[in-house]
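Hi,

Here is the structure I said I would pass on. Have a look, and then read on for what turned up in it.

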Number of protein chains: 2
Amino acid sequence: MGVHRKTRNLELVLDAFRNTQEALSAHLLIERLPVDVNRSTVYRLLDRLEDDGVVHSFLASENIRFYALCKECNQSGHVHSHAHFQCTSCSQVVCLEQEVAVPTLNQYRVDEAQVLLKGQCATCMR
Amino acid sequence: MGVHRKTRNLELVLDAFRNTQEALSAHLLIERLPVDVNRSTVYRLLDRLEDDGVVHSFLASENIRFYALCKECNQSGHVHSHAHFQCTSCSQVVCLEQEVAVPTLNQYRVDEAQVLLKGQCATCMR
DNA sequence: TAACTAATGCGACTGTGTTGCAATAATGCA
DNA sequence: TGCATTATTGCAACACAGTCGCATTAGTTA
(Lines give C-alpha, C1' and ligand atoms only; values in the text may rest on other atoms or scores of the structure.)
Protein backbone atom coordinates (compact mmCIF):
# COMPACT_ATOMS: atom_id res chain seq x y z
CA MET A 1 0.00 0.00 0.00
CA GLY A 2 2.89 2.31 0.76
CA VAL A 3 3.82 5.02 -1.66
CA HIS A 4 6.66 3.95 -3.89
CA ARG A 5 8.95 6.51 -5.33
CA LYS A 6 11.10 5.10 -8.05
CA THR A 7 14.41 5.35 -6.25
CA ARG A 8 17.76 3.99 -7.22
CA ASN A 9 17.81 1.64 -4.21
CA LEU A 10 14.40 0.21 -4.99
CA GLU A 11 15.48 -0.58 -8.55
CA LEU A 12 18.74 -2.13 -7.38
CA VAL A 13 16.92 -4.39 -4.94
CA LEU A 14 14.39 -5.51 -7.52
CA ASP A 15 17.19 -6.15 -10.03
CA ALA A 16 19.03 -8.28 -7.51
CA PHE A 17 15.97 -10.49 -7.10
CA ARG A 18 15.31 -10.63 -10.84
CA ASN A 19 18.89 -11.72 -11.48
CA THR A 20 18.69 -14.85 -9.39
CA GLN A 21 16.58 -17.92 -8.79
CA GLU A 22 17.58 -17.87 -5.14
CA ALA A 23 15.85 -16.43 -2.16
CA LEU A 24 18.01 -13.80 -0.47
CA SER A 25 18.55 -12.70 3.08
CA ALA A 26 19.06 -9.02 3.79
CA HIS A 27 22.73 -9.77 4.27
CA LEU A 28 23.11 -11.61 0.96
CA LEU A 29 21.14 -8.92 -0.78
CA ILE A 30 23.41 -6.16 0.49
CA GLU A 31 26.45 -8.13 -0.66
CA ARG A 32 25.04 -8.36 -4.16
CA LEU A 33 24.05 -4.74 -4.56
CA PRO A 34 26.56 -2.92 -6.79
CA VAL A 35 26.70 0.06 -4.44
CA ASP A 36 26.60 0.42 -0.65
CA VAL A 37 23.06 0.65 0.65
CA ASN A 38 22.39 1.08 4.32
CA ARG A 39 21.16 -1.92 6.26
CA SER A 40 18.12 -0.06 7.63
CA THR A 41 17.18 1.04 4.17
CA VAL A 42 17.33 -2.49 2.84
CA TYR A 43 15.15 -3.81 5.65
CA ARG A 44 12.65 -1.01 5.07
CA LEU A 45 12.54 -1.69 1.34
CA LEU A 46 11.99 -5.38 1.94
CA ASP A 47 9.20 -4.63 4.42
CA ARG A 48 7.49 -2.36 1.96
CA LEU A 49 7.86 -4.78 -0.92
CA GLU A 50 6.39 -7.49 1.24
CA ASP A 51 3.44 -5.28 2.22
CA ASP A 52 2.86 -4.61 -1.44
CA GLY A 53 2.87 -8.30 -2.35
CA VAL A 54 6.01 -8.02 -4.45
CA VAL A 55 8.18 -10.26 -2.32
CA HIS A 56 7.38 -12.79 0.36
CA SER A 57 9.56 -13.79 3.27
CA PHE A 58 10.11 -16.85 5.39
CA LEU A 59 12.54 -18.08 7.98
CA ALA A 60 15.34 -20.43 7.09
CA SER A 61 17.98 -21.64 9.45
CA GLU A 62 19.81 -20.28 11.22
CA ASN A 63 17.36 -17.68 12.39
CA ILE A 64 17.59 -15.67 9.21
CA ARG A 65 14.73 -14.26 7.17
CA PHE A 66 14.88 -14.83 3.44
CA TYR A 67 13.02 -12.94 0.75
CA ALA A 68 12.01 -13.85 -2.79
CA LEU A 69 9.84 -12.40 -5.54
CA CYS A 70 6.18 -13.38 -5.49
CA LYS A 71 4.47 -14.68 -8.57
CA GLU A 72 0.78 -14.26 -7.87
CA CYS A 73 0.54 -11.95 -4.92
CA ASN A 74 -0.51 -8.35 -4.65
CA GLN A 75 -1.09 -5.79 -1.95
CA SER A 76 -4.42 -7.35 -0.99
CA GLY A 77 -2.64 -10.40 0.35
CA HIS A 78 -0.06 -13.09 -0.09
CA VAL A 79 -1.44 -16.25 -1.62
CA HIS A 80 1.46 -18.66 -1.84
CA SER A 81 1.85 -21.78 0.14
CA HIS A 82 4.83 -23.27 -1.56
CA ALA A 83 7.71 -24.99 0.18
CA HIS A 84 11.27 -23.74 0.41
CA PHE A 85 14.51 -25.64 0.17
CA GLN A 86 17.79 -24.88 1.88
CA CYS A 87 21.03 -26.67 1.07
CA THR A 88 22.85 -27.65 4.25
CA SER A 89 26.20 -27.39 2.48
CA CYS A 90 26.13 -24.09 0.65
CA SER A 91 23.16 -22.59 2.56
CA GLN A 92 21.50 -21.52 -0.67
CA VAL A 93 17.74 -21.13 -0.40
CA VAL A 94 15.20 -21.50 -3.21
CA CYS A 95 11.45 -21.41 -3.59
CA LEU A 96 9.94 -24.69 -4.76
CA GLU A 97 7.00 -25.16 -7.08
CA GLN A 98 5.49 -27.70 -4.71
CA GLU A 99 2.33 -26.40 -3.11
CA VAL A 100 1.80 -27.29 0.49
CA ALA A 101 -1.57 -28.64 1.49
CA VAL A 102 -2.56 -26.94 4.73
CA PRO A 103 -3.64 -29.78 6.99
CA THR A 104 -6.67 -29.66 9.24
CA LEU A 105 -6.29 -30.22 12.94
CA ASN A 106 -8.80 -30.94 15.64
CA GLN A 107 -7.81 -28.44 18.26
CA TYR A 108 -6.41 -25.67 16.12
CA ARG A 109 -7.43 -23.47 13.24
CA VAL A 110 -4.55 -23.59 10.80
CA ASP A 111 -4.13 -20.49 8.67
CA GLU A 112 -0.72 -21.06 7.23
CA ALA A 113 1.83 -23.81 6.71
CA GLN A 114 5.52 -22.99 6.57
CA VAL A 115 7.58 -25.78 5.05
CA LEU A 116 11.35 -25.74 4.88
CA LEU A 117 13.03 -28.74 3.31
CA LYS A 118 16.69 -29.23 4.06
CA GLY A 119 19.20 -31.37 2.22
CA GLN A 120 21.71 -31.02 -0.58
CA CYS A 121 21.40 -29.15 -3.83
CA ALA A 122 22.56 -30.56 -7.18
CA THR A 123 25.83 -28.63 -7.12
CA CYS A 124 26.79 -29.76 -3.64
CA MET A 125 25.86 -33.41 -4.27
CA ARG A 126 28.57 -33.81 -6.94
CA MET B 1 27.22 -37.98 24.16
CA GLY B 2 28.45 -35.43 26.69
CA VAL B 3 28.97 -36.40 30.29
CA HIS B 4 25.97 -35.53 32.40
CA ARG B 5 26.40 -34.76 36.01
CA LYS B 6 23.12 -34.70 37.84
CA THR B 7 23.06 -31.01 38.63
CA ARG B 8 20.28 -28.93 40.08
CA ASN B 9 19.97 -26.90 36.90
CA LEU B 10 19.67 -29.97 34.71
CA GLU B 11 16.87 -31.33 36.88
CA LEU B 12 15.07 -28.00 36.91
CA VAL B 13 15.18 -27.77 33.12
CA LEU B 14 13.92 -31.31 32.65
CA ASP B 15 11.14 -30.69 35.18
CA ALA B 16 10.07 -27.58 33.31
CA PHE B 17 9.66 -29.59 30.11
CA ARG B 18 7.91 -32.45 31.89
CA ASN B 19 5.43 -30.04 33.45
CA THR B 20 4.11 -28.72 30.16
CA GLN B 21 2.76 -29.83 26.82
CA GLU B 22 4.28 -26.78 25.19
CA ALA B 23 7.55 -26.32 23.43
CA LEU B 24 9.68 -23.70 25.17
CA SER B 25 12.14 -21.11 24.02
CA ALA B 26 15.20 -20.43 26.17
CA HIS B 27 13.50 -17.24 27.29
CA LEU B 28 10.26 -18.95 28.31
CA LEU B 29 12.19 -21.70 30.00
CA ILE B 30 14.16 -19.25 32.13
CA GLU B 31 10.93 -17.53 33.14
CA ARG B 32 9.50 -20.82 34.33
CA LEU B 33 12.48 -21.98 36.34
CA PRO B 34 11.86 -21.52 40.07
CA VAL B 35 15.33 -20.04 40.60
CA ASP B 36 17.56 -17.78 38.54
CA VAL B 37 19.69 -19.73 36.12
CA ASN B 38 22.14 -17.98 33.89
CA ARG B 39 21.21 -17.59 30.24
CA SER B 40 24.48 -19.18 29.02
CA THR B 41 23.94 -22.14 31.28
CA VAL B 42 20.44 -22.68 29.93
CA TYR B 43 21.63 -22.55 26.33
CA ARG B 44 24.44 -24.96 27.13
CA LEU B 45 22.07 -27.37 28.87
CA LEU B 46 19.69 -27.25 25.91
CA ASP B 47 22.54 -27.90 23.50
CA ARG B 48 23.70 -30.88 25.48
CA LEU B 49 20.21 -32.30 25.86
CA GLU B 50 19.72 -31.96 22.14
CA ASP B 51 23.02 -33.73 21.42
CA ASP B 52 21.91 -36.53 23.70
CA GLY B 53 18.56 -36.90 21.96
CA VAL B 54 16.57 -35.80 24.98
CA VAL B 55 15.10 -32.68 23.44
CA HIS B 56 14.75 -31.51 19.87
CA SER B 57 14.66 -27.96 18.64
CA PHE B 58 13.14 -26.06 15.75
CA LEU B 59 12.60 -22.49 14.71
CA ALA B 60 9.29 -20.76 15.21
CA SER B 61 8.56 -17.21 14.41
CA GLU B 62 9.90 -14.76 15.08
CA ASN B 63 13.39 -16.08 14.74
CA ILE B 64 13.28 -17.92 18.02
CA ARG B 65 14.39 -21.46 18.67
CA PHE B 66 11.99 -23.65 20.62
CA TYR B 67 12.80 -26.87 22.44
CA ALA B 68 10.66 -29.83 23.45
CA LEU B 69 11.20 -33.30 24.86
CA CYS B 70 11.78 -36.09 22.35
CA LYS B 71 9.83 -39.29 22.50
CA GLU B 72 11.84 -41.73 20.45
CA CYS B 73 15.25 -40.16 20.02
CA ASN B 74 18.57 -41.01 21.58
CA GLN B 75 22.17 -39.87 21.26
CA SER B 76 22.63 -41.80 18.01
CA GLY B 77 20.27 -39.45 16.21
CA HIS B 78 17.02 -37.57 16.16
CA VAL B 79 14.27 -39.45 14.39
CA HIS B 80 11.22 -37.22 14.53
CA SER B 81 9.62 -35.56 11.61
CA HIS B 82 6.49 -34.21 13.20
CA ALA B 83 4.97 -30.82 12.58
CA HIS B 84 4.78 -27.94 15.04
CA PHE B 85 2.01 -25.47 15.64
CA GLN B 86 2.27 -21.88 16.79
CA CYS B 87 -0.70 -19.78 17.80
CA THR B 88 -0.50 -16.34 16.23
CA SER B 89 -2.42 -14.83 19.15
CA CYS B 90 -0.73 -16.19 22.27
CA SER B 91 2.49 -17.37 20.55
CA GLN B 92 2.27 -20.73 22.27
CA VAL B 93 4.08 -23.53 20.45
CA VAL B 94 3.28 -27.24 20.59
CA CYS B 95 4.53 -30.41 18.94
CA LEU B 96 1.90 -32.17 16.85
CA GLU B 97 1.43 -35.88 16.42
CA GLN B 98 1.19 -35.46 12.67
CA GLU B 99 4.15 -37.00 10.95
CA VAL B 100 5.48 -35.13 7.96
CA ALA B 101 6.14 -37.09 4.82
CA VAL B 102 9.48 -35.93 3.45
CA PRO B 103 8.79 -35.26 -0.22
CA THR B 104 11.12 -36.24 -3.02
CA LEU B 105 12.42 -33.61 -5.39
CA ASN B 106 14.14 -33.86 -8.73
CA GLN B 107 17.07 -31.57 -8.21
CA TYR B 108 17.64 -31.92 -4.51
CA ARG B 109 18.24 -34.59 -1.97
CA VAL B 110 15.88 -33.86 0.90
CA ASP B 111 17.07 -35.00 4.32
CA GLU B 112 14.65 -33.20 6.56
CA ALA B 113 11.32 -31.41 6.44
CA GLN B 114 10.54 -28.65 8.90
CA VAL B 115 6.86 -27.85 9.11
CA LEU B 116 5.45 -25.00 11.17
CA LEU B 117 1.70 -24.54 11.10
CA LYS B 118 0.37 -21.20 12.22
CA GLY B 119 -3.13 -20.27 13.27
CA GLN B 120 -5.19 -20.10 16.43
CA CYS B 121 -5.26 -22.45 19.37
CA ALA B 122 -8.49 -23.56 21.07
CA THR B 123 -8.13 -21.06 23.89
CA CYS B 124 -7.60 -18.09 21.62
CA MET B 125 -10.43 -19.04 19.26
CA ARG B 126 -13.05 -18.59 22.00
C1' DT C 1 11.93 26.16 -9.88
C1' DA C 2 9.97 25.51 -5.32
C1' DA C 3 7.42 23.03 -1.78
C1' DC C 4 6.19 18.81 0.06
C1' DT C 5 7.31 14.66 2.02
C1' DA C 6 8.95 9.82 1.10
C1' DA C 7 13.23 7.69 1.32
C1' DT C 8 17.77 7.47 3.17
C1' DG C 9 21.87 7.15 6.30
C1' DC C 10 23.43 7.21 10.73
C1' DG C 11 23.86 5.84 15.37
C1' DA C 12 21.93 3.76 19.09
C1' DC C 13 19.35 0.18 20.62
C1' DT C 14 16.92 -4.62 21.44
C1' DG C 15 16.97 -9.46 21.67
C1' DT C 16 18.84 -14.12 20.70
C1' DG C 17 22.52 -16.75 21.03
C1' DT C 18 27.84 -17.63 21.76
C1' DT C 19 32.44 -17.67 23.98
C1' DG C 20 36.58 -17.28 27.18
C1' DC C 21 37.69 -17.54 31.68
C1' DA C 22 37.81 -17.98 36.57
C1' DA C 23 35.06 -19.94 40.37
C1' DT C 24 32.15 -23.71 41.94
C1' DA C 25 30.43 -28.21 42.72
C1' DA C 26 29.48 -33.23 41.26
C1' DT C 27 31.91 -37.39 40.95
C1' DG C 28 35.16 -41.26 41.59
C1' DC C 29 38.60 -43.24 44.19
C1' DA C 30 41.91 -43.94 48.09
C1' DT D 1 34.88 -39.69 54.65
C1' DG D 2 38.31 -36.65 52.41
C1' DC D 3 40.48 -35.21 48.36
C1' DA D 4 41.65 -34.60 43.51
C1' DT D 5 39.71 -34.18 39.07
C1' DT D 6 37.12 -31.86 35.84
C1' DA D 7 32.31 -30.89 34.28
C1' DT D 8 29.36 -27.21 35.14
C1' DT D 9 28.32 -22.58 36.19
C1' DG D 10 28.11 -17.41 36.23
C1' DC D 11 29.85 -13.45 34.43
C1' DA D 12 31.13 -10.18 31.09
C1' DA D 13 31.96 -9.34 26.62
C1' DC D 14 30.83 -10.26 22.17
C1' DA D 15 28.41 -11.30 17.41
C1' DC D 16 24.71 -10.71 14.58
C1' DA D 17 19.80 -9.88 12.84
C1' DG D 18 16.66 -6.64 12.93
C1' DT D 19 14.39 -2.03 14.60
C1' DC D 20 13.83 2.93 15.57
C1' DG D 21 14.25 8.11 16.02
C1' DC D 22 15.91 11.81 13.77
C1' DA D 23 18.13 14.94 10.69
C1' DT D 24 19.32 15.10 5.77
C1' DT D 25 18.55 14.04 0.90
C1' DA D 26 16.10 13.52 -3.16
C1' DG D 27 11.61 12.09 -5.94
C1' DT D 28 7.41 14.07 -7.24
C1' DT D 29 3.90 17.39 -8.28
C1' DA D 30 2.26 21.90 -9.15
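Predicted model: local features only at pLDDT ≥ 70, side-chain atom pairs only at ≥ 80, totals over all residues.

R32(A) counts as partly exposed, at 38% relative accessibility.

There is another salt bridge in chain A, between the side chains of D15(A) and R18(A), at 3.0 Å from N to O. Both residues sit in helix α1 (residues 8-18) of chain A, and because they are three residues apart, about one helical turn separates them. D15(A) is partly exposed at 32% relative accessibility, while R18(A) is exposed at 51%. In chain B, D15(B) and R18(B) form a salt bridge as well, with 3.0 Å between the closest N and O atoms. That pair lies in helix α1 (residues 8-18) of chain B, again three residues or about one turn apart, and D15(B) is partly exposed, with a relative accessible area of 33%. Over all chains, the search of the whole structure gives six salt bridges.

Now the chain as a whole. Chain A has four helices and six strands, and from the N terminus they run α-β-α-α-β-β-β-β-β-α. Its C-alpha trace spans about 50 × 40 × 25 Å along the principal axes. Of the 126 residues in chain A, 44% are buried. If you take the contacts in chain A with a separation of 6 or more, 49% of them are between residues 24 or more positions apart.

How do the two chains sit relative to each other? A rotation of 180°, with 0.0 Å of shift along the axis, superposes chain A on chain B with an RMSD of 0.0 Å. The copies are therefore related as by a two-fold rotation axis. They also meet through the same surface, because 100% of the interface residues of chain A are interface residues in chain B as well.

As for that interface, 30 residues of chain A contact 30 residues of chain B. About 2600 Å² is buried between the chains, and carbon and sulfur atoms give 56% of that area. How many salt bridges cross the interface of chain A and chain B? Zero, by the rule used here. On the chain A side, the elements giving two or more residues are β2 (55-60), β5, β6 and α4 (122-125), and β6(A) gives the most, with 14 residues.

Last, the largest nonpolar core. It has 26 residues, and those touching the most other members are F85(A), L96(A), L117(A), F85(B), L96(B) and L117(B). In both chain A and chain B, β4 (82-87), β5 (93-99) and β6 (108-121) each give two or more residues to this core.

Cheers

Technical notes. Residues numbered from 1 in each chain as written. Chains lettered and ligands numbered in written order. Heavy atoms only, no water. Core = buried A, V, L, I, M, F, W, Y, C linked by side-chain atoms within 4.5 Å. Buried < 20%, exposed > 50% of the residue type's maximum accessible area, 1.4 Å probe, protein only. Least-squares fit on C-alpha atoms with pLDDT ≥ 70 in both. Contact = heavy atoms within 4.5 Å. Buried area = accessible area lost by both parts, 1.4 Å probe. Salt bridge = Lys/Arg side-chain N within 4 Å of Asp/Glu carboxyl O.
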